[in-house]
Amino acid sequence: MQPTPFTPWTWRDPSPLGNDPVTVESAEEYGTTGVDLVGYKVEATDGHIGSVDKASHDVGSSFLVVDTGPWIFGRKVLLPAGTVQTFDHDERKVYVDRTKEQIKNSPEYDKDTFETPEYREQVGDYYTGSYRDYPR
C-alpha cells in the first residue's frame with residue numbers, strides 16, 4: 001500500500017457514505033460547492049475540542065477556524081481541511097484525525113494574519129509533520 005500524501009489545505013476525497021463537505025447534492029440543491037459547517041461541533045481523536053466558527057471551501061486553501069471555548073481558555077485554532085477525516089451532518093459534527101494535544105500545540109491563531117502565505121506555510125508544516133502516512 002502506498003502512503004497517502006497529506007495535502008493540508010485540500011478536503012479529502014469524499015467518503016463512500018457522502019459524509020464530506022463538498023457534495024454533488026449540495027452543489028445541485030444550494031448552488032454551492034460546500035456545506036455550511038459553522039456551528040458544527042469538532043471532535044479530535046480523543047474528544048471534543050470546540051465548534052466551527054468559520055469555514056472555507058476555497059480550492060487549495062480550505063480550512064476551519066475552531067473556537068475551543070473554555071478548553072484552551074477561549075483560544076481559536078486554524079485546522080487545515082486535510083485534517084478533517086469525516087462529517088456527521090445529522091449530528092452536526094466534524095471529526096479530525098489529530099489529538100487534542102496536537103491541536104492545543106498548533107501555531108497560535110491570529111485573525112489578522114491567518115490568511116497570509118507565511119502563516120499558512122507554518123500551520124501546514126505543523127500539521128504535515130504530525131500526519132500519519134497510514135491513517136487507521
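Figure 1. In α3, the buried residues are Tyr 119, Arg 120, Val 123, Gly 124 and Tyr 127. They lie on the same side of α3, because the arc they cover around the axis is only 130 degrees, taken from the directions from the helix axis to the C-beta atoms. The face turned away from this buried side carries the exposed residues Pro 117, Glu 118, Glu 121, Asp 125 and Gly 129. Buried stands for under 20% relative accessible area, exposed for over 50%, and partly exposed for values in between (1.4 Å probe, protein chains only). The buried residues of α3 pack against β3, β4 and α2 (100-104); contact means heavy atoms within 4.5 Å. Helix α3 comprises residues 117-129, and its 13 residues should span 18 Å at 1.5 Å a residue, which agrees with end C-alpha atoms 18 Å apart. The expected span is 1.5 Å times one less than the number of residues. Helices (H or I, at least four residues) and strands (E, at least two) are DSSP runs numbered from the N terminus.

This is a predicted model, in which local features need pLDDT of at least 70 and side-chain atom pairs count only at pLDDT 80 or more, while totals for chains, interfaces and linings use all residues. Residues are numbered from 1 along each chain as its sequence is written, and side-chain values use heavy atoms, with hydrogens and water left out.

**Figure 2. Strand β3 and its two antiparallel partners.** Strand β3 covers residues 63-67, and four of its five residues are buried. With β2 (residues 47-56) it pairs in the antiparallel sense over five bridges; two strands pair if DSSP finds at least two bridges between them. Asp 67 in β3 stands opposite Ser 51. The hairpin of β2 and β3 has six residues between the strands, and Gly 60 there takes a positive phi near 80 degrees. Five bridges also link β3 to strand β4 (residues 76-80), again in the antiparallel sense, with Val 66 opposite Val 77 in β4.

**Figure 3. Thr 68 in the loop between β3 and β4.** Thr 68 is found in the loop that separates these strands and counts as buried because its relative accessibility is 3%. Its side chain reaches the backbone oxygen of Arg 75 at 2.4 Å. Apart from neighbours within four places in sequence, Thr 68 is in contact with Ile 49, Gly 50, Gly 74, Arg 75 and Val 77.

Figure 4. β1 and β2 run antiparallel and are joined by four bridges, and the hairpin between them passes through two residues. Lys 41 has Ser 51 in β2 as its bridge partner. β1 and β6 run parallel, joined by three bridges, and Val 42 stands opposite Val 94 in β6.

**Figure 5. The largest nonpolar core and Val 94.** This core has 28 residues, and those with the most contacts inside it are Val 42, Leu 64, Leu 78, Leu 79, Val 94, Val 96 and Ile 103. At least two core residues come from each of β1 (41-44), β2, β3, β4, β5 (84-88), β6 (93-96) and α3, and the largest share, four residues, comes from β3. A nonpolar core is a set of buried Ala, Val, Leu, Ile, Met, Phe, Trp, Tyr and Cys residues joined through side-chain atoms within 4.5 Å. Leaving aside neighbours within four places in sequence, the contacts of Val 94 include Tyr 40, Val 42, Val 52, Leu 64, Val 84 and Phe 87.

Methods. A polar contact is a pair of N or O atoms within 3.5 Å; within protein, one must be able to donate a hydrogen and the other to accept it, and residues adjacent in sequence count only if both atoms are side-chain atoms.
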